[in-house]
Amino acid sequence: MTQIKRGKLPDFTVAEHLKVQEQIEQHAYELWIARGSRQNGALENWVRAEREVLEDFITVRTHALDFGGNC
C-alpha cells in the first residue's frame, strides 16, 4: 500500500466523500452479485470494495499532484 505524507494532499471535500461512498456501495453490490448473492458475505464484500475504491481514489489524487493537476 502506498504511504502518503500527512498534509501533502488537498483536503478531502464533502462532495468527494459522497462520490467515494457511492462508488463503494456500488462496487460492494457488484461483488455481492458476482459471488452469488450470499447472505453471509456482505461485510467481506464491503471491506473489499472499500479498500479497492479508496486505493483507486488515492492513486488518482497522488497522480494528479505529481503532474501538477487539480484534484
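Start by selecting Val20, Ile24, Ala28, Leu31, Ala49, Val53 and Phe57, the seven residues of the largest nonpolar core in this predicted model. A nonpolar core here is a set of buried Ala, Val, Leu, Ile, Met, Phe, Trp, Tyr and Cys residues joined through side-chain atoms within 4.5 Å, where buried means under 20% relative accessible area, exposed means over 50% and partly exposed lies in between, with a 1.4 Å probe and protein chains only. Colouring by element shows that α1 (14-34) and α2 (42-66) are the elements giving two or more residues to this core, and that α1 gives the most, with four residues.

Residues are numbered from 1 along each chain as its sequence is written, and side-chain values use heavy atoms, with hydrogens and water left out. Because the model is predicted, local features need pLDDT of at least 70 and side-chain atom pairs count only at pLDDT 80 or more, while totals for chains, interfaces and linings use all residues.

Next, stay on Leu31 and display its neighbours: leaving aside residues up to four places away in sequence, Leu31 touches Asn45, Arg48 and Ala49, a contact being heavy atoms within 4.5 Å.

Now move along helix α1 to Tyr29 and Trp32, which lie three residues apart, about one turn of the helix. A search of the whole structure finds one aromatic pair, and Tyr29 and Trp32 form it in a tilted arrangement, at 5.9 Å centre to centre with 40° between the planes. Rings of Phe, Tyr and Trp (its six-membered ring) pair if their centres lie within 6.5 Å, and planes under 30 degrees apart count as stacked, over 60 as edge-to-face and the rest as tilted.

Then turn to the charged side chains, where the structure holds five salt bridges, each defined as a side-chain nitrogen of Lys or Arg within 4 Å of a carboxyl oxygen of Asp or Glu. Select Glu52 and Arg48, whose closest N and O atoms are 2.8 Å apart; these residues are four residues apart in helix α2 and so are separated by about one helical turn. Arg48, which also touches Leu31, is partly exposed at 29% relative accessibility. Salt bridges that share partners also join Arg35, Arg38 and Glu44 into one network. Glu44 counts as partly exposed at 46%, as do Arg35 at 28% and Arg38 at 36%.

Finally, zoom out to the whole protein chain, whose secondary structure comes to two helices and zero strands, helices (H or I, at least four residues) and strands (E, at least two) being DSSP runs numbered from the N terminus. Buried residues make up 17% of the 71 residues, and residues 24 or more positions apart account for 57% of the contacts with a separation of 6 or more. The accessible surface comes to about 5800 Å², of which 55% belongs to carbon and sulfur atoms, as computed by the Shrake-Rupley method with a 1.4 Å probe; for residues, only the protein chains shown count as cover.
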